[in-house]
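Thanks for coming. I will go through one structure this morning, feature by feature, and keep it short.

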Amino acid sequence: MTTSSDNTELQTARARWMRLVEVGDLAAALTLVDATASLAERLGDPVWIDRVRCNRAAIALELGVGGSVVAELRTLLMRSEDTENEFLAAYTIARHYELAKEVRKGLFYAQLELDRASSLNQARHAESLNQIANFQVAESRFNEALETYAEAQQHLAPGDALRHAVIGYNVGYCRVVLGSHRAGLRSIYQSLRRLRRLGAERHEMLARLDLAFALLEFGKARLAERHASRAIELASQFADPTAKKNALYLAGAAASARGDEFTARRRFAELQGDFFPEADYLPDLLLSVDVRSLVNLKA
């Protein structure tokens with residue numbers, strides 16, 4: 001069993017790796033989690049051992065090195081008597097299915113997560129609602145998602161800048177898709193400014209993708225291309241293939257919209273080569289047909 005000083009050391013380590021996650025340095029966070037796991041094992045505290053496992057699985061999943069975390073986390077979810085660990089396990093399983101584009105399975109675990117969050121704190125409640133709204137967006141249920149995001153925001157403390165910013169760019173994307181371009185742009189710009197102040201570059205990358213899409217919808221192709229190009233840089237930095245795929249498409253679409261066929265073809269060719277190697281027709285297709293209205297960046 002952990003002593004007061006042991007618990008303080010574990011809490012301090014967790015606060016450090018959570019901050020690393022917030023700013024996007026997942027590799028450093030994973031290293032710190034692994035070091036903390038050794039401490040938790042040595043101290044023999046089952047709650048902390050499970051907590052570190054949950055956090056490690058979540059970080060590894062985002063890095064693409066988690067393997068199949070679902071079976072272990074399901075077991076942990078069923079046997080755990082700690083509500084925070086149950087929440088973390090359900091959240092990470094839901095995130096696994098979100099990344100795998102299995103919305104129905106993900107929503108099931110997101111609802112379990114929301115149930116556990118009701119016994120925790122307001123921030124956890126907001127995280128759960130944000131994830132549920134993300135699944136609604138993936139199914140193009142944008143009006144429902146806006147309501148869920150609004151509910152999530154009500155549970156956040158005013159000073160919770162990161163979560164406000166994350167929900168803000170999600171809200172902005174939904175508003176743009178639904179035709180409220182000015183309101184959507186305002187939400188995304190506000191979020192981007194907050195994220196840059198916080199140094200949260202992974203979320204900055206996602207906000208810039210939403211902003212590039214919004215600016216294209218608003219007829220601001222040159223600005224859209226600038227934000228898409230920065231998103232490409234960040235996606236390469238973080239080795240995020242989904243973000244890079246979306247950013248390349250948006251950069252190509254923006255170049256095409258402003259009449260620069262050479263740059264547009266180059267971006268679409270890179271998109272085709274990296275992600276659709278068998279589809280050599282893709283650059284010509286994207287140059288001739290505007291498929292933006294058919295694309296849901298969050299699906």
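Where does Ser140 lie? Ser140 sits in the loop between helix H7 (122-138) and helix H8 (142-154). Helices here are DSSP runs of H or I with at least four residues, strands are E runs of at least two, and both are numbered from the N terminus.

Before I go on, a note on the source. This is a predicted model, where local features need pLDDT of at least 70 and side-chain atom pairs count only at pLDDT 80 or more, while totals for chains, interfaces and linings use all residues. Residues are numbered from 1 along each chain as its sequence is written, and side-chain values use heavy atoms, with hydrogens and water left out.

Back to Ser140. Its phi is positive, about 60°, although Ser140 is not a glycine. Ser140 is partly exposed because its relative accessible area is 42%. For that term, buried is under 20% relative accessible area, exposed is over 50%, and partly exposed is in between, with a 1.4 Å probe and protein chains only. Ala239 also has a positive phi without being a glycine, at about 50°. Ala239 is found in the loop between helix H12 (221-237) and helix H13 (241-257). With 62% relative accessibility, Ala239 counts as exposed.

Next, the interior. A nonpolar core is a set of buried Ala, Val, Leu, Ile, Met, Phe, Trp, Tyr and Cys residues joined through side-chain atoms within 4.5 Å. The largest one has 80 residues, and the members that touch the most others are Tyr149, Tyr249 and Leu250. Apart from that core lies another, of 15 residues, with Ala13, Ala40, Ile49 and Ala60 among them. As background, nonpolar side chains in soluble globular proteins tend to be buried together.

What does Leu250 touch, if residues up to four places away in sequence are not counted? The list is Leu209, Ala212, Phe213, Leu216, Ala228 and Leu297. Contact here means heavy atoms within 4.5 Å.

Asn130 is in helix H7, and at 11% relative accessibility Asn130 counts as buried. Leaving out residues up to four places away in sequence, Asn130 touches Tyr149, Ala152, Val166, Ile167 and Asn170. Asn130 and Leu10 are 120 residues apart in sequence and 28 Å apart in space, C-alpha to C-alpha.

His164 belongs to helix H9 (residues 161-177). Is His164 buried or exposed? Its relative accessibility is 15%, so His164 counts as buried. With the same exclusion of residues up to four places away in sequence, the contacts of His164 are Gln153, Leu156, Ala157, Pro158, Ser191 and Arg194.

Now the charges. Side chains of opposite charge can pair when their charged atoms come close. A salt bridge is counted when a side-chain nitrogen of Lys or Arg is within 4 Å of a carboxyl oxygen of Asp or Glu. How many salt bridges does that rule give? The count is 33 salt bridges.

I will show three. Glu22 and Arg19 meet at 3.3 Å, N to O. They are 3 residues apart in helix H1 (residues 4-23), so about one helical turn separates Glu22 and Arg19. Glu22 is partly exposed at 32% relative accessible area, and Arg19 is partly exposed at 40%.

Arg116 and Asp115 form a salt bridge at 3.0 Å, N to O. Arg116 counts as buried at 17% relative accessibility, whereas Asp115 is partly exposed at 46%.

Asp290 counts as exposed at 52% relative accessibility, and Arg292 counts as buried at 14%.

There is also a network of salt bridges that links Arg14, Glu84, Arg124, Glu127, Asp160 and Arg163.

Last, the cysteines. A disulfide is a pair of cysteine sulfur atoms within 2.5 Å, and a search of the whole structure finds 0 disulfides. Cys54 counts as buried, at 1% relative accessibility, and Cys174 counts as buried, at 0%.

That is the tour. I will take questions now.
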